[in-house]
Amino acid sequence: MSAAAPARLAVLISGRGSNLQAFIDAIAGGTLNAQISVVISNNPGAAGLCRAATAGIPTRCIDHRDFASREAFDRALAAELANWDVQLVILAGFMRILTPAFVQAFSGRLVNVHPSLLPKYPGLNTHQRALDAGDTEAGVTVHFVTLELDGGPPIIQSRVPILPGDTAHTLADRVIAREHIIYPLAAQWFISGRLQLTDNGARLDGEALPATGFDYLDGGC
Ligand code: GRF
């Protein structure tokens, strides 16, 4: 039996691109059976564009400031994606709220990583909000994207402790190390046919996932 062909991915970024790098590394390391067909940024200055270029991945910049409306930007984004025939669209620090038309067009094959234990702290400044609330743990969630901002069905979460003396920066460093593990893992589940979005939420191996997703405890699956 021949091995499955690598899945085609698009990665959308706005900035640093450390999650993009985690995908590049997972593919190189053989744990993610994929190729990144294109990296698209809405920000011409995104450092992640250099990471992609260094890895030999085609890049496109679609600057949202060139468009009169969110809808027009999203139409251009969808048109670019249509050129690449991708199976999964990975939002990796993509700092744009997507329109319903875009989200619906890519429903079931659009995923995001959010640096909190959703449903806690959708939106921005998640680490500071967890510290301000006196939480004892924080974490990261990979989820399917639906119309509700940061509200789509969770796929996988990883928790980290909040330690005495933590700042938003030290906590972010602890969380992002987990992002880099669980995001490519979730993508591999999808690519291998183990993970789907259904009308009743995310399913892994035919079973409904818990409301907060698979609980990643330093171990694989
Ligand atoms: C990550 O913290 C991710 O959870 C959030 O944006 C950040 C992107 O970081 N959505 P990077 O650009 O992948 O380094």
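Author: Let's start with a network of salt bridges that links Glu-137, Arg-159 and Asp-215. This is a predicted model, where local features need pLDDT of at least 70, side-chain atom pairs count only at pLDDT 80 or more, and totals for chains, interfaces and linings use all residues. Residues are numbered from 1 along each chain as its sequence is written, and side-chain values use heavy atoms, with hydrogens and water left out.

Reader: Why is the pair Arg-159 and Asp-215 called a salt bridge?

Author: A salt bridge needs a side-chain nitrogen of Lys or Arg within 4 Å of a carboxyl oxygen of Asp or Glu. The closest N and O atoms of Arg-159 and Asp-215 are 2.5 Å apart, so the pair qualifies. Arg-159 sits in strand E7 (residues 154-161) and Asp-215 in strand E11 (residues 214-216), and the pair links distant parts of the chain, 56 residues apart. Strands (E, at least two residues) and helices (H or I, at least four) are DSSP runs, numbered from the N terminus.

Reader: How many salt bridges are there by this rule?

Author: The count comes to seven salt bridges. One of them joins Arg-60 and Glu-80, with the closest N and O atoms 3.5 Å apart. Arg-60 belongs to strand E3 (residues 59-61) and Glu-80 to helix H3 (residues 70-82), so this bridge ties together parts 20 residues apart in sequence.

Reader: How do you know whether Glu-80 is buried or exposed?

Author: Buried means under 20% relative accessible area, exposed means over 50%, and partly exposed is in between (1.4 Å probe, protein chains only). Glu-80 has a relative accessible area of 15%, so the residue is buried.

Reader: What makes Arg-194 and Asp-205 a salt bridge?

Author: Their side chains meet at 2.8 Å, N to O, which is within the 4 Å limit. Arg-194 lies in the loop between helix H6 (168-191) and strand E8 (195-198), and Asp-205 in the loop between strand E9 (201-204) and strand E10 (207-208), so the bridge ties together parts 11 residues apart in sequence. With a relative accessibility of 24%, Arg-194 counts as partly exposed, and so does Asp-205 at 45%.

Reader: What makes the link between His-114 and Asp-150 a polar contact?

Author: A polar contact is a pair of N or O atoms within 3.5 Å; within protein, one must be able to donate a hydrogen and the other to accept it, and residues adjacent in sequence count only if both atoms are side-chain atoms. The side chains of His-114 and Asp-150 are joined at 3.5 Å, so the distance meets the limit. His-114 is found in strand E5 (residues 110-114), and its relative accessible area of 4% makes His-114 buried.

Reader: Which residues are around the ligand?

Author: They are Arg-16, Gly-17, Ser-18, Asn-19, Gly-93, Val-113, Pro-115 and Glu-179. To count as near, a residue needs a heavy atom within 4 Å of the molecule. A ligand oxygen is 2.6 Å from an N or O atom in the side chain of Arg-16, and a ligand oxygen is 2.5 Å from such an atom in the side chain of Ser-18. Taken alone, the ligand exposes 370 Å², and the protein buries 85% of that (Shrake-Rupley method, 1.4 Å probe; for residues, only the protein chains shown count as cover).
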